[in-house]
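Please read this short report alongside the sequence and the model.

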Amino acid sequence: METHHIRLTSSEVGGLWANYIADSMFVCVYKYYLEKVEDEEIKKVLEHALDLSQQHVQVVTKIFKEEGHAIPLGFTENDVHVDAPRLFSDEFFLIFTKQMTKGALVTYGAALPHVFRNDIREHFMSCISSTMELFNEATDVLLSKGLEVRSPYIPYLREADMVEKQHFLAGWWGKQRPITALEITHLYSNIQTNHMGTATITGFGQVAKNSDVRDYFKRGKEISKNQIQVIINYLHENDLPAPVTWDAEVYDSTESPFSDKLMLFMISMMTAAGMGNYGTALSASPRRDIAADYVRFQGEIGLYAEDGLNLQIKHAWLERPPHAADRDQLMK
């Protein structure tokens, strides 16, 4: 009996396309990392990460070929130079992997509700489950090596209580209430992601070939450092510690392991993830002063992200995503 072929929807095409672009980049990144890593435990985590990225690229390629959809250009062996000197430490490789799994889980979780065909649902569910495994593996190794950064401890509640005054929402003036556990969670997490961004962009700024790309990375580092300091102040005002930086995990090499195209894309991807993180934190932060800072941060990195896209367009590095038909053009 003939079965009806169900076409991919726009959300399915968009999700698969983005999946291919990102994982083709990670294939390049992890091939370089694996050429440099020395720690055997960390090496196993990186091998797992490379295997997952390669699997995802293969699955999307197969689906697109079957559908007659163009395979994205993405990133190739021309975007990585595995023989370049070491730019980051083994510890950075591991911390980077943990941070990337956190972002991937958000991305896959956001894609899954908008896909309908059974094979596409299975693909994204597999992406989630395999990324969770990698997340756990990276976390276990970080903990075993004393590298994992735990969020601060706070006293347990002795009894349930209700908020009685509107001061709970206040900000800016006078004595403020202590920050809540969820506010601490997001403040701490956003410091960690900014530290990762700062370390990454420091390394990339040392090796980028184009002067405008180097200048863009320098600007991004300053934005990140300034935002980190604002967030740290909230923790210190509540007598809570802040996580350490990872800048020491960046080596002094000036020879690039990656193309400027790849590095600019990665920073753009991390910037987009940062905007999403601030949006999530905003929704969980009732204090007006904290919420206002998150809104300001989003505006700052939103402008930065736009300038990054303009740089990609300038250098012909921005691949056009799947899009709706231009009916006006077709009718000319």
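## Helix packing and a pocket

In α7, the residues L264, F265, I267, S268, T271, G274, M275, Y278, G279, A281 and L282 meet A291, Y294, V295, F297, Q298, I301, G302, Y304, A305, G308, L311 and Q312 of α8; contact means heavy atoms within 4.5 Å. By class, this contact of α7 with α8 has 15 nonpolar, 8 polar and no charged residues. Ala, Val, Leu, Ile, Met, Phe, Trp, Tyr, Cys and Pro count as nonpolar, Asp, Glu, Lys and Arg as charged, and the others, Gly among them, as polar.

The model is predicted: local features need pLDDT of at least 70 and side-chain atom pairs pLDDT 80 or more, while totals for chains, interfaces and linings use all residues. Residues are numbered from 1 along each chain as its sequence is written, and side-chain values use heavy atoms, without hydrogens and water.

The axes of α7 (residues 260–283) and α8 (residues 288–314) come within 9 Å and cross at roughly 160°. That makes α7 roughly antiparallel to α8 (over 145 degrees). Their crossing is left-handed.

Two further pairs share helix α3.

| Helix pair | Axes | Angle |
|---|---|---|
| α2 (residues 40–67) and α3 (residues 90–111) | within 10 Å | roughly 35° |
| α3 and α4 (residues 118–144) | 9 Å apart | about 155° |

The crossing of α2 and α3 is left-handed. On the α2 side, I42, V45, L46, A49 and H56 meet D90, E91, F93, L94, T97 and Y108 of α3. The residues of that contact divide into 7 nonpolar, 2 polar and 2 charged.

α3 and α4 are roughly antiparallel to each other, and their crossing is left-handed. Among the residues that make this contact are L94, T97 and Y108 of α3 and F124, C127 and I128 of α4. The contact of α3 with α4 comprises 15 nonpolar, 5 polar and 2 charged residues.

What is the volume of the second largest pocket? The value is about 580 Å³. A pocket is an open set of points on a 1 Å grid, where a 1.4 Å probe fits, with protein on both sides within 12 Å along at least five of seven lines; lining residues have an atom within 4 Å of a point. Of the 17 residues that line the second largest pocket, L157, F168, P178, I179 and T180 are the closest to its centre. The lining divides into 11 nonpolar, 3 polar and 3 charged residues.

Notes. Points joined across faces, edges and corners; volume = space filled by probe spheres on them. Axes fitted to C-alpha atoms, helices over the stretch in contact; angles between N-to-C directions. Helix = DSSP H or I, 4+ residues; strand = E, 2+ residues; numbered from the N terminus. Parallel < 35°, antiparallel > 145°, perpendicular 65-115°, else oblique. Left-handed = near helix turned anticlockwise from the far one by under 90°.
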